[in-house]
Amino acid sequence: MSDQNPPVKPFVDLSDEEVFWDLTESLSYGQYLNLDKLLDAQHPLSYQHDEMLFIVIHQVSELWMKLVLHELSAIIDCVRRDDLGPTFKMLARVSTIQQQLLQSWDVLATITPSDYSAFRNTLGKSSGFQSRQYRLIEFLIGNKNADMIKVFRNDPESHEQLERALRSPSLYDEVLRLLTRRGFDLPSESVDRDFTQPYRSSKQVAAAWLSVYHNAEKEWDLYQLAERLTDLDYKFQLWRFAHVKTVERIIGYKRGTGGTGGVSYLTKALELKFFPELWTIRTSM
């Protein structure tokens with residue numbers, strides 16, 4: 001065996017690669033992705049080093065949420081058409097995106113309390129509570145609360161979009177309609193209801209889901225849908241918990257910049273479930 005190490009190349013040889021060097025008359029990577037606009041959207045208001053991280057994390061999260069909304073809208077359309085096949089791939093994608101959003105808290109948690117307090121006042125009253133996309137996601141999945149859109153009264157476009165989502169059937173509403181089309185006997189108050197109101201759990205709906213699980217082979221697509229929805233709910237609960245603990249780690253029990261109690265407000269959401277019957281039936285299996 002030779003003791004000599006192979007020579008280290010000082011660069012990658014591109015002489016045999018047909019690289020398109022001249023993009024004068026072609027769409028470039030930066031142009032396709034609008035990188036000039038995207039990378040010029042970070043404008044810290046202080047001279048504090050960690051404010052850039054704070055801005056980037058929230059902007060990236062909004063981009064991920066935009067993709068979640070894109071997928072959820074398509075999922076709802078498929079459920080309306082009773083075409084569940086494509087929903088499994090899309091729900092799996094949403095679950096993977098949720099994992100990315102969950103991990104973003106780990107990056108944000110590298111900001112220490114003193115680092116954050118150095119630029120927190122520059123945020124004014126801006127807060128994640130005012131995220132239109134996050135509120136749309138909750139409305140589309142099924143967590144309806146009319147009070148939440150009040151903060152968007154000075155933004156007519158956002159207010160109108162949220163009010164439309166508030167009044168429309170959510171993903172879970174469409175899923176329950178699907179169950180009735182499949183022959184399951186659901187109460188009218190669970191299917192034909194005021195969609196602006198929070199959904200209330202039903203024993204008859206729970207019985208229908210229990211039947212799906214007990215007959216998984218026959219109702220395979222509904223069974224798979226139920227498990228995908230449970231995963232969606234589960235990841236949301238993990239995201240909420242990570243949010244609470246990250247806020248607690250960085251600002252303790254200070255009030256939120258948006259006026260809420262901070263940790264005390266966020267804790268209220270920890271027990272929320274989008275699809276309550278999918279959780280309660282597990283005890284009966």
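Which residues does Gln133 touch, not counting residues up to four places away in sequence? Select Glu62, Met65, Lys66 and Leu69 and you have them; contact here means heavy atoms within 4.5 Å. Before going further, note that this is a predicted model, where local features need pLDDT of at least 70, side-chain atom pairs count only at pLDDT 80 or more, and totals for chains, interfaces and linings use all residues. Residues are numbered from 1 along each chain as its sequence is written, and side-chain values use heavy atoms, with hydrogens and water left out.

**Stop 1: helix α6**

Gln133 sits in helix α6. Helices are DSSP runs (H or I, at least four residues; strands are E, at least two), numbered from the N terminus. Gln133 has 15% relative accessibility, so it counts as buried; the scale is buried under 20% relative accessible area, exposed over 50%, partly exposed in between, with a 1.4 Å probe and protein chains only.

Now pick Arg132, also found in helix α6. Arg132 is partly exposed, at a relative accessible area of 28%. Leaving out residues up to four places away in sequence, Arg132 touches Phe152, Glu157, Ser158, Gln161 and Leu162.

**Stop 2**

Select Leu69, Ser73, Ile76, Asp77, Arg80, Leu136, Leu140, Gln161, Arg164, Ala165, Ser168 and Pro169, which line the second largest pocket. The elements giving two or more residues to that lining are α3 (51–80), α6 (132–141) and α7 (156–167). Helix α3 gives the most, with five residues. The space in this pocket is about 290 Å³.

Points are joined across faces, edges and corners, and the volume is the space filled by probe spheres set on them.

Color the pocket lining by class and you get six nonpolar, three polar and three charged residues. Ala, Val, Leu, Ile, Met, Phe, Trp, Tyr, Cys and Pro count as nonpolar, Asp, Glu, Lys and Arg as charged, and the others, Gly among them, as polar.

**Stop 3: the cavity**

How many cavities of 30 Å³ or more are there? The count comes to one. To find the largest cavity, select Met65, Val68, Val94, Gln98, Leu101, Tyr134, Ile137, Ile141, Leu232, Phe236 and Trp239. Helices α3, α4, α6 and α11 each give two or more residues to its lining. The largest cavity holds about 120 Å³ of space, and its lining divides into 10 nonpolar, one polar and no charged residues.

**Stop 4: α4 beside α11**

Show helix α4 (residues 85–108) and helix α11 (residues 220–251): their axes come within 10 Å and cross at roughly 10°. The axes are lines fitted to C-alpha atoms over the stretch in contact, with angles from 0 to 180 degrees between N-to-C directions. Angles under 35 degrees count as roughly parallel, over 145 as roughly antiparallel, 65 to 115 as roughly perpendicular and the rest as oblique, and α4 and α11 are therefore roughly parallel. Residues of this contact divide into 16 nonpolar, seven polar and four charged.

While you're in α11, pick His243. His243 is buried, at 19% relative accessibility, and it touches Trp105 and Leu266, not counting residues up to four places away in sequence.

**Stop 5: helix α8**

Helix α8 (residues 171–181) is mostly covered, with eight of its 11 residues buried. Leu171, Tyr172 and Asp173 are among them. The buried residues of α8 pack against α3, α6, α9 (188–191), α10 (203–214), α11 and α13 (276–280). After α8 comes Gly183, with a positive phi near 105°.

**Last stop: loops**

Most residues other than glycine have a negative phi. Asn34, in the loop between α1 (29–32) and α2 (35–38), has a positive phi of about 55°. In the loop between α3 and α4, Asp82 has a positive phi too, near 60°.

Note on methods. 1 Å grid on protein atoms, 1.4 Å probe; cavity = no way out; pocket = protein on both sides within 12 Å on 5 of 7 lines; lining within 4 Å.
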